Each structure stands twice: as structure tokens, then as C-alpha cells.
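Trainee: I would like to learn how to read a structure like this one. Could we go through it feature by feature?

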Amino acid sequence: MAGMLKRLLGAGLGAWMAGAAVPAAWTADAAVPADRIAVQLYSLHAALLRDPATALDRLRAMGVTQVEAYGTLGMSPSDFRAALDKAGLTAVGSHVWLGDLRDNPEKIVETARAVGYRYVGVAWIKPPDASPGQAISRADVDAAIAAYKAACPVLKAAGLGVMYHIHGYEFVPDGDGILLDRLLAGLDPDCVDIELDVFWVVKAGADPVALLDRLGSRVKMLHLKDMVPQAAVGDFTGQAPPGDFAPVGQGRVDWPALLAAARRAGVEWYVLEDELADAARHLEQSLEWLRGHALP
């Protein structure tokens with residue numbers, strides 16, 4: 001795969017800098033399985049930290065039944081599971097800290113069993129002391145690879161699916177390729193699957209449809225979020241201004257082509273995430289749009 005993603009990046013940059021692509025026509029192949037839609041709880045992190053029960057109830061009132069966690073909101077795993085149960089929600093997976101993956105995979109297993117989710121993955125590999133505008137380095141990639149290699153035997157033996165979440169900074173040029181080439185070459189495909197975040201791939205200037213087609217069945221989860229047409233791309237920091245985010249279906253992403261590629265790849269979970277301060281409003285619009293393009 002060496003060099004392939006560099007070509008993919010270049011093609012994506014050219015396409016996006018030329019303007020939004022003409023959307024493909026909708027077909028049944030682009031429909032989302034209705035029972036495979038989830039919401040990443042980080043979308044409501046401020047509200048969850050203030051009043052977890054109310055925020056979880058609000059999600060359920062939107063018709064959400066499946067969520068992806070990011071820790072346990074300061075609760076014990078059993079209390080977090082009880083809060084989800086009370087709200088009528090089920091966690092299908094969770095983001096975990098790179099440090100826990102490296103140093104304490106047994107804790108990850110215990111939490112997953114208590115909460116009841118199947119997938120775990122790291123969503124952020126930047127060092128804690130990195131500046132907001134800093135990209136990642138080879139050393140950061142190699143540290144992530146080492147952590148996954150150390151944790152994989154424990155996590156797989158416990159029956160957990162293991163993911164790496166693509167966050168956009170992996171597209172930094174590296175020799176004849178990009179850092180994502182190095183990362184994917186170092187992660188065991190028999191252990192580590194991919195969670196592809198559509199927004200961050202586009203923010204880096206790459207083509208998420210081409211990336212889905214290249215990675216194929218290795219992509220088990222998608223983070224669905226859209227980007228306003230005027231947002232700048234070609235950014236490798238993994239960060240973006242709040243105004244760059246749009247409800248799904250209202251931005252620059254070619255969703256018919258993207259979701260058709262997801263169906264070809266056999267994506268298992270379609271996870272909505274929004275990073276606005278008022279994410280609930282966007283989530284409601286995104287959910288309405290997705291349900292309008294879903295299979296029963």
C-alpha cells in the first residue's frame with residue numbers, strides 16, 4: 001500500500017480545491033441500514049458532563065437507541081451501564097485512551113464487559129503536549145503501532161473488535177507516501193480494523209470514497225459528519241473551527257457516493273458525530289436526513 005495513499009491524497013486535494021463534487025444519483029445501494037445508526041456521545045459532551053441523565057434521555061427522545069461511548073463519563077463502568085439502560089440506550093463501542101491501550105488493556109476489557117460494547121479504538125494519538133496547530137510525526141505513529149501491538153492479544157482474546165480512528169493528521173507527507181501508509185503497514189490487519197471519520201478525511205484534502213474503496217472490509221465503522229462548502233481543506237492538524245461542521249446532507253460531502261462505497265465495504269456501524277457547541281440541533285437534522293435515506 002506504500003505510496004497509494006499519497007496519490008489518493010493528491011487526487012482528493014485537486015478535487016476538493018476545484019469545488020464540491022457533483023453528487024451521484026441516489027440508489028438503493030447507498031441506503032443506510034436503519035438498525036446500524038448510532039451517535040457518538042462526545043457530540044453532547046458538555047451536556048453529558050453537566051447532567052448525564054438528561055442528556056442521555058434527550059438522545060433517546062431523538063429516536064436514538066445505539067451510541068458509541070468515549071469513556072464512562074466519570075462513572076464506574078457498572079453505573080455507566082445502568083445510566084445507559086435507564087435511558088434505553090446500548091453502547092456498541094467506545095473510544096479509549098492511547099495510554100490505557102499501551103499500559104492497561106486489561107482495564108479496557110473489564111470496562112467493555114461491564115458496559116457491554118464490542119468495539120474499542122483510539123481516536124487521538126497526538127501527544128498531550130502537542131500544540132493545537134501541530135501535526136503528528138513518525139514517532140507518534142510508531143508509538144501508536146507499538147501500543148496496538150502490545151494490546152491486541154489481550155483485546156482479541158476477550159472477543160473485542162479493535163479499531164484505529166482516522167483523524168486527518170495521518171495524511172502528513174512522509175517520504176514517498178504519507179504517515180497513514182506507515183501506520184497501516186504497522187497495524188496488524190488481523191487485529192486492527194478502521195473507523196473512518198468522513199469529516200477529517202475531507203479536512204485533510206483526501207477523498208473518503210476512494211479511501212473506503214481502497215481499505216474495503218477493514219473499515220468497520222464510519223463517523224458521519226459533513227463540512228460546509230466554504231471550509232478550507234488540506235489541513236493536517238486534526239482540528240477545525242466550529243463553523244466548518246454542517247448537518248449530514250447539508251454540506252460538501254457526496255453522500256450518495258460515500259454511502260454506496262460504505263455498503264460495498266461492508267461497514268457495520270454508521271456513527272453520527274457533531275463537534276459544534278450546540279450539537280443536538282445538528283444531530284436532529286442529521287438523524288432526520290439519514291432516516292430518510294435508510295433501509296427498514
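Trainee: Which elements each supply at least two residues of the lining of the largest pocket?

Mentor: Some ground rules come first. The model is predicted, so local features need pLDDT of at least 70 and side-chain atom pairs count only at pLDDT 80 or more, while totals for chains, interfaces and linings use all residues. Residues are numbered from 1 along each chain as its sequence is written, and side-chain values use heavy atoms, with hydrogens and water left out.

Mentor: Rolling a probe the size of a water molecule over the atoms shows where empty space is left. On a 1 Å grid over the protein atoms alone, a pocket is an open set of points where a 1.4 Å probe fits, with protein on both sides within 12 Å along at least five of seven lines, and lining residues have an atom within 4 Å of a point. Helices (H or I, at least four residues) and strands (E, at least two) are DSSP runs numbered from the N terminus. Here β4 (90-96), α5 (98-103) and α6 (105-115) each give at least two residues to the lining of the largest pocket.

Trainee: How much space lies in the largest pocket, and which residues are the closest to its centre?

Mentor: The largest pocket holds about 690 Å³, a volume being the space filled by probe spheres set on grid points joined across faces, edges and corners. It is lined by 28 residues, and Y70, H95, V96, W97 and A123 are the closest to its centre. The lining has 13 nonpolar, 11 polar and four charged residues. In this scheme Ala, Val, Leu, Ile, Met, Phe, Trp, Tyr, Cys and Pro are nonpolar, Asp, Glu, Lys and Arg are charged, and the others, Gly among them, are polar.

Trainee: What strands pair with β4?

Mentor: Two strands pair if DSSP finds at least two bridges between them. Strand β3 (residues 66-70) runs parallel to β4 and is joined to it by five bridges, with Y70 opposite H95. Strand β5 (residues 119-122) is also parallel to β4, over four bridges, and S94 faces V120 there.

Trainee: Which residues of β5 lie on each side?

Mentor: In a regular strand the side chains alternate between the two faces of the sheet. In β5, Y119 and G121 are on one side, V120 and V122 are on the other, and all are buried.

Trainee: Through which helix does the chain cross from β5 to β6?

Mentor: A crossover is right-handed if, with the strands pointing away from the viewer, the path from the first strand over the helix to the second runs clockwise. The chain goes from β5 through α7 to β6 in a right-handed β-α-β crossover. β5 and β6 (residues 161-166) are parallel, over four bridges, and V122 is opposite Y164.

Trainee: Where do C152 and C191 lie?

Mentor: A disulfide is a pair of cysteine sulfur atoms within 2.5 Å. The whole structure has one disulfide, between C152 and C191, with sulfur atoms 1.9 Å apart. C152 is in helix α7 (residues 138-157) and C191 in the loop between α8 (179-186) and β9 (192-197), so the pair ties together parts 39 residues apart in sequence. The torsion about the S-S bond is about -100°, so the disulfide is left-handed. Both C152 and C191 are buried.

Notes:
Buried means under 20% relative accessible area, exposed over 50%, partly exposed in between (1.4 Å probe, protein chains only).
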